[in-house]
Structures are given as structure tokens and as C-alpha cells.
Amino acid sequence: MKSRFQSGFSSSDRLLLDSLHRLLFGKEITNTGCSDCYRDAYVIIYNHLKKSKTMPEKPNYVLKAGALIHPAGTSNFYVNPIPDEVAEEHLSKYPSEVNKFAHLPTDWEDRVAAYKARKLAQAKKEAEDAKNEVPATSAEDAEKIKALEAQLAEAQEAVKKSDALRKEAEDKVKTLEYDKSTLEQEIEGLKAALEGQTVTDGEGEESDELAEVRMELATTKAELESANEEIASLKSDNRALKAANTRLKNNGAKDTE
Amino acid sequence: MAAESCDYQLAADLAASCTVKPVKGIKSHGFIMNYNDIDFEATSRDETNPNIVKSLILKTGKKAYKMYVPGKSPYTGTKKSLSAGTYRNRFNKDVSIVILDNGPEVAHNIIDQLANGTFVVVLENKFPGSDNKNTFEIYGLEAGLTATAMDDDKYSDDTEGGWLATLQEENAPTSGIYFYSESIAATRTALESLVSGS
């Protein structure tokens, strides 16, 4: 061919240059209308082969002109050169479209069957892995879960404490109420005694015993008032604790969800 | 064979798009291939609309050729018209090509072949339609395009001394066949691969 570089290439030379250009660069010689175009292509191909020192290998699968392969679920369209994997995948799905191929390996059916088996094994393995695998969480998610768990434990602890306090307050209220009723009875008794004494002594001076009883009554009254105040304060505390307890329980339920 | 009657019934409104304005004419670049190089077994049409060709495939070792006609109105004279028949009407499709280059190679590789061969041409309409399916139109896919007139007027201002060839597909059963393969980008890729050959 080198000898015809100056005089002009024959049609078979041009065909060879066309196919080599396609194999090496995956596209046609840019312009074939001028007399120097094939000479330029010859130089480009010659330099490329000299540099790479290997002749391009003919691909296993060659599509006919105009044939287009579009793997489902992708935005890729394949024309020549087409990777073996893509061709085999296409043929495994649409074996009738074998007429889109200009050249196939003689054992293409075996290759397609092997491809199918490979894909099936891969799918099985993936399914098994997915079954065994704990749902993957990101580091951020894991941290969030940890923080939420800590919050939940804290809330549960607070609920326990609050329950204990409430119980204690309730017990105290009961004791105080009992004391109150006892004191009230005592007051009633003393009042009755005082009235009896007054009737007996008439309007004369109060005896020492009466003075003592009066003092005792005053003291008991003061005690009763103090107990009442304490009961009121404890009841208010108890209401606050109950409200806090409900809030904590609700938060705990949300965290668990 | 069972007797079958064909009912030719309209199936859509005769409407015009108000959003996509039609543009007359054809773009400068086109593709031409030999009718006998087409692999009709591998070529497929849209299932719902047979006027759309989804894949246009050539036989092993065959390739298409690019056409380029410069100017504001390239391929002037390209048209389709009704051809009245005794029982059924058909369509004549004309494609006019100007070959501005002239010389022994052109005469041998193009003109002599155009004069006697049967061809298929793909031209790009300036009006792609609202869904781009109008972009590429195929002429000659059914009956094939053959030359009806070829002139080389050395003093022609239009052809600048080059060839003006008119190819006609006579009595084609369908009014228009369009090439559209999934998307306009995929269609262009498929057309480029026609030129690359196999």
C-alpha cells in the first residue's frame, strides 16, 4: 500500500483503511471526498500502529450498520464497537434480535447461556446477602439512635423517681389527714370539756386546769393550721409531679416509637 | 387466504399545533443507501404506528452514504404527491439531489450508479414536530427510489455545472415513513452507524 501512497489508493486499499480506522478509532474517516483524505488517514493509522505495535483485534460481536442496542433501564445506546457483556445481555433477553449482528462468535449461544447462568448466580448471591445483612444504617443514624436510647433511659429513670416521690407525698398526705382528724376530735373533746367546766364553775375565775386546756387548744389549733398548710402545699406538689410524670411517660412512648 | 376488506377511516382530528410552529423545508444533510443493502428482516416498525420505522438496518458489510446539499433550500423539488389508481390510490415521492462536484470519480461512483440503481434516502425535515418524530423522513423504503431525470447543465446557475438528479419512488402505499428510534439522539446515533457500516 505504501507504494501506492503517491499514485493513489485502490478501492480495496480504501476499504482496508476504512475498516482499520473504524477498528482503531471507532469512527469513519472524517472526510472521504478529497484526494488527500485517505492519505491523511493512512498516515494517522500508520503512526498509531507504529506506536502501539499491535494490530487491532476484531471484536467478538459486531452490529450491522444502523443497529442500535439499548439496554433496558439505562440511557445508554450502543453501536459498534459493542462490549461483549452488553451484546450477551441483549441476546439473552431478545434472542430473535440476533439478526441485528453482522458478526458473532460461533459459540454465541453457549456464551449467552453462560452469561445467563452467571447473572442468575449473582442474583441469588445478592438475595442471600440481603437476607443475612442487618439493615445498613449510616453513622449519623447510629448516633441519633444512641442519643435517643440514652434519652429514653433518662426519661424512664425520671418517671421512676417521680413515681416514688408521688407515693411518698401521698403517704404523707394520708398521715397528715389522719392527724388532722385526730386533732379535730381532740378539739371537739376539749371544747365539750371546756363548756362543761364553764357550766360547773359559773362566771367565776378560770381554774388553772381550764387555762391549761385553753392553752392546749390554742396549740392544737396552731398545729392544725400548720398541718392544713402543709397538706395544701403537698397537694400542689403532687399535682405538679403528676403532670411531670404524664409528660415524661408521653415522651418515653414517642422515643420508643 | 381469507377475504379482507380495508376500511380507510380517519382516526384523529385535523389540527395544527399552536405551540410548535411548522417550518417548511429540509436541512442540508441527508443519507442515501442502496435499496438492496437494507436488511428488511432486521428492520422494524413501530407496533402502534407502522409509519414509524424504529430500526433501519443494513445487511452485513453494507453501509450508507452521506449527502450534503448547501444553500437555503436544499433538495428543492423534493415532494410527495398522490397517484390515482384504479382500485387504490398510492403516492409518488420525488427526491431531488444536486451533486455539485463533478469528475471521473463522481461519474463512476455516484452518477452511473444513481442512473441505474434503486435507493433509499433519509432526509431531515426542518420541522421536527412537537415530539421530534417528524425529524427524519425516509423516501424509497417501500418501492425504492429510481432516477427519473438527471441533468448536467454546464451553464446552469443553480447547479454550478454539477448534476441535478431526481429520484422517484413510484406508487408507494404509505404517504410518509419516519425514522424514530426511542429518542432523537438515539436516532441520530443509529443514522451515524449506518454510515460507519459493519
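Which strands of chain B does helix α1 (residues 104–116) lie across? The legends below take this and other close-ups in turn.

**About the model.** This is a predicted model, in which local features need pLDDT of at least 70, side-chain atom pairs count only at pLDDT 80 or more, and totals for chains, interfaces and linings use all residues. Residues are numbered from 1 along each chain as its sequence is written, while chains are lettered from A and ligands numbered from 1 in the order in which they are written. The model scores ipTM 0.84 and pTM 0.63. Chain B has an average pLDDT of 92, with 99% of the residues at 70 or above; pLDDT is the predictor's confidence in each residue, from 0 to 100.

**View 1. Helix α1 of chain B lies across β6, β9 and β10 (163–172) of chain B.** Axes are lines fitted to C-alpha atoms, for helices over the stretch in contact, and angles run from 0 to 180 degrees between N-to-C directions. Helices (H or I, at least four residues) and strands (E, at least two) are DSSP runs, numbered from the N terminus. Two residues are in contact if their C-beta atoms, placed from the backbone, lie within 7 Å.

**View 2. An open sheet of chain B holds four strands in the order β5-β6-β10-β9.** The pairing in this sheet is antiparallel; strands pair if DSSP finds at least two bridges between them. At the edges stand β5 (79–83) and β9 (146–151) of chain B, each with a single partner strand, so one side of each has no neighbour in the sheet. Neighbouring strands are turned by 20° against each other on average, direction ignored. Five bridges link β5(B) to strand β6 (residues 90–99) of chain B, and Lys80(B) stands opposite Lys93(B) in β6(B).

**View 3. Strand β7 (residues 119–125) of chain B is mostly covered.** Five of its seven residues are buried, that is, 20 or more other C-beta atoms lie within 10 Å of the residue's own, with C-beta atoms placed from the backbone (exposed means 12 or fewer, partly exposed in between). Strand β1 (residues 26–34) of chain B runs antiparallel to β7(B) and is joined to it by six bridges; Asn34(B) has Phe119(B) as its bridge partner. β7(B) also pairs with strand β8 (residues 136–139) of chain B, antiparallel over four bridges, and there Val122(B) stands opposite Ile138(B).

**View 4. Helices α3 (residues 84–93) and α4 (residues 108–132) of chain A pack at an angle of about 90°.** Their axes are 9 Å apart. That angle makes α3(A) roughly perpendicular to α4(A) (under 35 degrees counts as roughly parallel, over 145 as roughly antiparallel, 65 to 115 as roughly perpendicular and the rest as oblique). Glu88(A), Glu89(A), Leu91(A) and Ser92(A) of α3(A) meet Trp108(A), Arg111(A), Val112(A), Tyr115(A) and Lys116(A) of α4(A). By class, this contact has four nonpolar, one polar and four charged residues. Ala, Val, Leu, Ile, Met, Phe, Trp, Tyr, Cys and Pro count as nonpolar, Asp, Glu, Lys and Arg as charged, and the others, Gly among them, as polar.

**View 5. Chain B and chain A meet through 24 residues from chain B and 17 residues from chain A.** Helix α2 (residues 184–196) of chain B gives the largest share of chain B's side, seven residues. That side has nine nonpolar, nine polar and six charged residues.
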